[in-house]
Amino acid sequence: MRLIVFGPPGAGKGTQAKLLSNHYGIPHISTGDIIREEIKHDTALGVRVRSYVERGDLVPDEEVIEIVRRRILLENCSRGFILDGFPRTIIQAKALDHILNSRGLKIDAVINLIVNEEELIRRLSSRRICRICGATYHLIFNPPRKDLKCNICGGELYHRSDDMEEAIRRRVRVYNTETKPLIKYYEEKKLIIDVNGNGDINSVFSEILRKLGG
Ligand code: ADP
Ligand code: ADP
Ligand code: ZN
C-alpha cells in the first residue's frame, strides 16, 4: 500500500502517518523529519536548506525529490510506504509519479486531512518534538507523561523554530499557494480521500481506517 498523508501544517499528518505505519507495517517517510535530521547533523544538505526551513519556506524541489527518490527505492519500501509532507508542489507530484510509473508502481490513495485554521494554530503553537527520537507531542492535546520528557526515550522536548508565530503564518500561506493545488491534481486521478481532521487523534485514525477499508 502506497499512501500520501496530505494537509496543511499542523493538520496531524505526522501523527496519523505514524499510526498508519504501525498498523500496516510499512515505513513512515516524513520529508520534514529527514530534513530536520540533516540540519541537526550539519550535513552538506542540512547546511543548504536550513534557512528555508527556519523561515517557513519550502526547500527547493530538486533537494526533496532526491531525498524521496532514494528513500522509496530502498528494499524496506517494497511492500509500500506512507508519505508525510511530500509532495508539496506540482513539480514534486509529477516527479513522484515518474519515479513510481517507471517501475510499474502507483499511489493507492491520498488522505486529505481537513482541519480549520484556528485549530491548526492551536496545534502548532503548542507542538513539542523530542530532541532525540523526533516523537511529536502537544502540551494540551497529547502531553508527555513526565514534564517535557519523551515517553519513548526520555529525551528533552523542544519547540520547533518554525512553530513560532511568524513562520507558522508563512507556512500556512505557502501551503495555500503552493501545496493546496495538489488536491485538484489528485482529485483528477480519483485518489483523494477527504477526512475530517478536527476530532481527537483516535477518532481521526478510525475514520481513516474505515475509509481505507481497514
Ligand atoms: P509541517 O508540520 O508544517 O507539515 P514538516 O515537518 O512536514 O512541516 O516540514 C517542515 C519544513 O521542512 C517545511 O516548512 C519545509 O521547509 C521543509 N519541507 C518538508 N517537506 C518538504 C517538501 N516536500 N518540499 C519542500 N520543503 C519541505
Ligand atoms: P503535521 O505533521 O500535519 O504538521 P502533527 O502530526 O505534527 O501535524 O500535529 C500537530 C500538533 O497537533 C502536534 O502537537 C500533535 O500532537 C497535535 N495533534 C495531532 N493530531 C491531533 C488531533 N487530532 N487533535 C489534537 N491535537 C492533535
Ligand atoms: Zn524521544
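Which residue has a backbone N or O atom 2.6 Å from an oxygen atom of ligand 1? That residue is Asp57. The model is predicted, and local features need pLDDT of at least 70, side-chain atom pairs count only at pLDDT 80 or more, and totals for chains, interfaces and linings use all residues. Residues are numbered from 1 along each chain as its sequence is written, ligands are numbered from 1 in the order in which they are written, and side-chain values use heavy atoms, with hydrogens and water left out.

Ligand 1 is surrounded by 19 residues, with Lys13, Thr31, Arg36, Asp57 and Arg171 the closest; a residue is near a molecule if one of its heavy atoms lies within 4 Å of it. A polar atom of the Gln92 side chain is 2.9 Å from a nitrogen atom of ligand 1, and one of the Arg160 side chain is 3.3 Å from an oxygen atom of ligand 1. On its own, ligand 1 has 550 Å² of accessible area, of which the protein covers 97% (areas by the Shrake-Rupley method with a 1.4 Å probe). Helix α2 gives the largest share of this shell, four residues; helices (H or I, at least four residues) and strands (E, at least two) are DSSP runs, numbered from the N terminus. The shell holds seven nonpolar, four polar and eight charged residues. In this classification Ala, Val, Leu, Ile, Met, Phe, Trp, Tyr, Cys and Pro are nonpolar, Asp, Glu, Lys and Arg are charged, and the others, Gly among them, are polar.

Around ligand 2 there are 18 residues, and the closest are Lys13, Thr15, Arg127, Tyr137 and Gly199. A polar side-chain atom of Thr15 is 2.6 Å from an oxygen atom of ligand 2. The backbone takes part as well: an N or O atom of Gly10 is 2.9 Å from an oxygen atom of ligand 2, and one of Ile201 is 3.3 Å from a nitrogen atom of ligand 2. The protein covers 95% of the 560 Å² of accessible area that ligand 2 has on its own. Both α1 (13–24) and β6 (136–138) supply at least two residues of this shell, which has six nonpolar, eight polar and four charged residues.

The second largest pocket has a volume of about 420 Å³. A pocket is an open set of points, on a 1 Å grid over the protein atoms alone, where a 1.4 Å probe fits, with protein on both sides within 12 Å along at least five of seven lines; lining residues have an atom within 4 Å of a point. The volume is the space filled by probe spheres set on the points. Of the 20 lining residues, Arg36, Glu37, Lys40, Tyr158 and Arg160 lie nearest the centre of this pocket. The largest share of the lining, five residues, comes from α2, and 10 of the lining residues are charged.

Some local backbone features remain. The peptide bond from Phe86 to Pro87 is cis, with omega near -5°, and Pro87 sits in the loop between β3 (81–84) and α5. Asp42, in the loop between α2 and α3, has a positive phi of about 50° although it is not a glycine.

Note on methods
Polar contact = N/O pair within 3.5 Å; in protein donor to acceptor, adjacent residues only side chain to side chain.
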